[in-house]
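Me: I've got a model open and I'd like to talk it through. Can you take my questions one at a time?

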Amino acid sequence: MSWVMLSLRKVALKQRMSNFEMKLTQISQRLQDLQSYANNIADGVITYNEAATCPSSLFGTQMDFMANSSGIAYQSAQIKTDAYIQQMQGLQMQTGGQYNYAQNSIDATYANSEQAYLLFNEIYKQELEEYAKEVSAQLNEEEKALQTEQERIETQLKAAEAEYNNLSQRIDSNIQRDAIKFSA
């Protein structure tokens, strides 16, 4: 009769293994989604194609990145460009305009505005990349945590499978032992 109790335990283990497999599937999907998102934001800019191929579970997150990265990069680039221009103006004043003459011999005002524009664009791109690196670092931490969780669940699944197989063998032997034997 002990095979009945073992069978109940076997059913419970089968359910537990099924739950572990479902969790592993969810973790694997989340890892794939995070990797896709990390690839999309790697350069700090999300193209139309990248936006279209974004996993649905992270679409809102990617939209937030697009909204936040631009504003943060713009503000930082503006501050850094203004600081650079002030530094160059101070240098120009200290050298009596000779530094500006050496830099731009044509039209100093036009050249400085163009230089500021180009400088701003370069800093803006760098700030986008820097923001993407920060977000990627956070994604890496989440991926590490998920991989650790995945390993823990895989270990538990293997233990449950081993117990399940052991129970199957014990049930078979108990059924054979408890079977009615006919003598011939």
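Me: Among contacts in the protein chain between residues at least 6 apart in sequence, what share joins residues at least 24 apart?
Reply: Quick ground rules: this is a predicted model, where local features need pLDDT of at least 70, side-chain atom pairs count only at pLDDT 80 or more, and totals for chains, interfaces and linings use all residues. Residues are numbered from 1 along each chain as its sequence is written, and side-chain values use heavy atoms, with hydrogens and water left out. A contact means heavy atoms within 4.5 Å. Taking the contacts between residues at least 6 apart, the share that joins residues at least 24 apart is 80%.

Me: What order do the elements of the protein chain run in?
Reply: Helices (H or I, at least four residues) and strands (E, at least two) are DSSP runs, numbered from the N terminus. The protein chain has 5 helices and 0 strands. From the N terminus, then, the order reads α-α-α-α-α.

Me: Which element has the lowest mean pLDDT?
Reply: pLDDT is the predictor's confidence in each residue, from 0 to 100. The chain averages 85, with 88% of residues at 70 or more. Where pLDDT is low, the predicted coordinates should not be read in detail. Helix α1 (residues 2-41) has the highest mean, 92, while the lowest, 56, belongs to helix α4 (residues 98-103).

Me: How far does α3 reach from its first C-alpha to its last?
Reply: Helix α3 covers residues 59-94, which makes 36 residues. The expected span is 1.5 Å times one less than the number of residues, and for α3 that comes to 52 Å. The model is close to that, with a reach of 52 Å.

Me: Is Gln 62 buried or exposed?
Reply: Buried means under 20% relative accessible area, exposed over 50%, and partly exposed in between (1.4 Å probe, protein chains only). Gln 62 lies in helix α3 and, leaving aside neighbours within four places in sequence, is in contact with Tyr 37, Asn 40, Ile 46, Glu 50, Ala 51 and Cys 54. Because its relative accessibility is 0%, Gln 62 counts as buried.

Me: What is the C-alpha to C-alpha distance between Gln 62 and Ile 46?
Reply: Ile 46 sits in the loop between α1 and α2 (48-52), and it is buried at 13% relative accessible area. Its contacts beyond four places in sequence include Phe 65 and Met 66, as well as Gln 62. Gln 62 and Ile 46 are 16 residues apart in sequence, and their C-alpha distance is 8.4 Å.

Me: Which residue forms a salt bridge with Glu 142?
Reply: A salt bridge is a side-chain nitrogen of Lys or Arg within 4 Å of a carboxyl oxygen of Asp or Glu. The structure holds 4 of them. In this one, the closest N and O atoms are 2.8 Å apart, and the partner of Glu 142 is Arg 30.

Me: Why does that pair tie together parts 112 residues apart in sequence?
Reply: Both residues are partly exposed, Glu 142 at 30% and Arg 30 at 27%. The pair ties together such separated parts because Glu 142 lies in helix α5 (residues 108-178) and Arg 30 in helix α1.

Me: Which residue meets Glu 127 in a salt bridge?
Reply: Glu 127 counts as buried at 15% relative accessibility. The N to O distance in this salt bridge is 2.7 Å, and the side chain that Glu 127 meets is that of Lys 80.
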